[in-house]
Amino acid sequence: MSTADNPALQDLIDTFDMLGDWEERYRYLIELGRKLPDMPEAEHDEAHKVRGCMSQVWLAGDVDAEQRLHLRGDSDAHIVKGLIALILALTDGRTAREVLDTDIKAAFAQLGLESHLSMNRRNGFYAMVERIRQMAATAATAAG
């Protein structure tokens with residue numbers, strides 16, 4: 001995925017570059033997480049829980065008539081909420097095909113997160129990415 005295909009990625013790259021040090025970048029991620037809309041309490045259940053995360057993480061979504069995913073997420077950890085916000089910035093409101101064509105792992109690497117998060121956090125991040133890819137794949141299959 002090029003940044004031209006996803007302006008949200010370019011915005012994140014520009015912001016991360018501007019922030020400079022990792023302490024500022026972590027604060028920014030936490031701030032992104034604080035801005036996430038509240039997820040309905042009913043979706044804080046086993047069906048929406050993401051396995052493979054150290055923290056509690058829930059992801060849910062709907063698909064509209066144009067096959068665009070509308071995603072929601074929450075976590076009990078501030079930094080993880082920020083990671084959810086980052087993933088949603090790259091995927092929410094995009095079509096199932098666009099989500100499947102988005103290389104979120106490459107975006108993660110472009111932002112430098114790969115080398116600045118613990119192995120457990122990275123594994124949790126990839127579990128969240130996989131959940132969203134599954135939602136997109138299901139939507140794409142349903143669309144025919």
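**Close-up views of a predicted model**

**View 1. The salt bridge between R51 and E46.** R51 is exposed, and E46 is exposed as well, where exposed means over 50% relative accessible area, buried means under 20%, and partly exposed lies in between (1.4 Å probe, protein chains only). These two residues form a salt bridge in which the closest N and O atoms are 2.5 Å apart, a salt bridge being a side-chain nitrogen of Lys or Arg within 4 Å of a carboxyl oxygen of Asp or Glu. By this rule the count comes to nine salt bridges. This is a predicted model, in which local features need pLDDT of at least 70 and side-chain atom pairs count only at pLDDT 80 or more, while totals for chains, interfaces and linings use all residues. Residues are numbered from 1 along each chain as its sequence is written, and side-chain values use heavy atoms, with hydrogens and water left out.

**View 2. The salt bridge between R72 and D62.** The side chains of R72 and D62 meet in a salt bridge of 2.9 Å, N to O. Because R72 lies in strand β2 (residues 69–75) and D62 in strand β1 (residues 57–63), the pair ties together parts that are 10 residues apart in sequence; helices (H or I, at least four residues) and strands (E, at least two) are DSSP runs, numbered from the N terminus. D62 is partly exposed, with a relative accessible area of 44%, and E43, D62 and R72 are linked in a network of salt bridges.

**View 3. The surroundings of D74.** D74 has its place in strand β2 and is buried, with a relative accessible area of 13%. Its side chain is joined to that of H44 by a polar contact of 2.6 Å, that is, a pair of N or O atoms within 3.5 Å, of which, within protein, one must be able to donate a hydrogen and the other to accept it, and residues adjacent in sequence count only if both atoms are side-chain atoms. D74 also forms a salt bridge with K81, the closest N and O atoms being 3.2 Å apart.

**View 4. The two faces of helix α2.** In α2, the residues W22, R25, L29, L32 and G33 are buried. Seen down the axis of α2, the buried residues fall within an arc of 100 degrees (taken from the directions from the helix axis to the C-beta atoms), so they line one face of the helix. These buried residues pack against α1 (7–19) and α3 (78–91), with contact meaning heavy atoms within 4.5 Å. The face turned away from the buried side carries the exposed residues E23 and R34.
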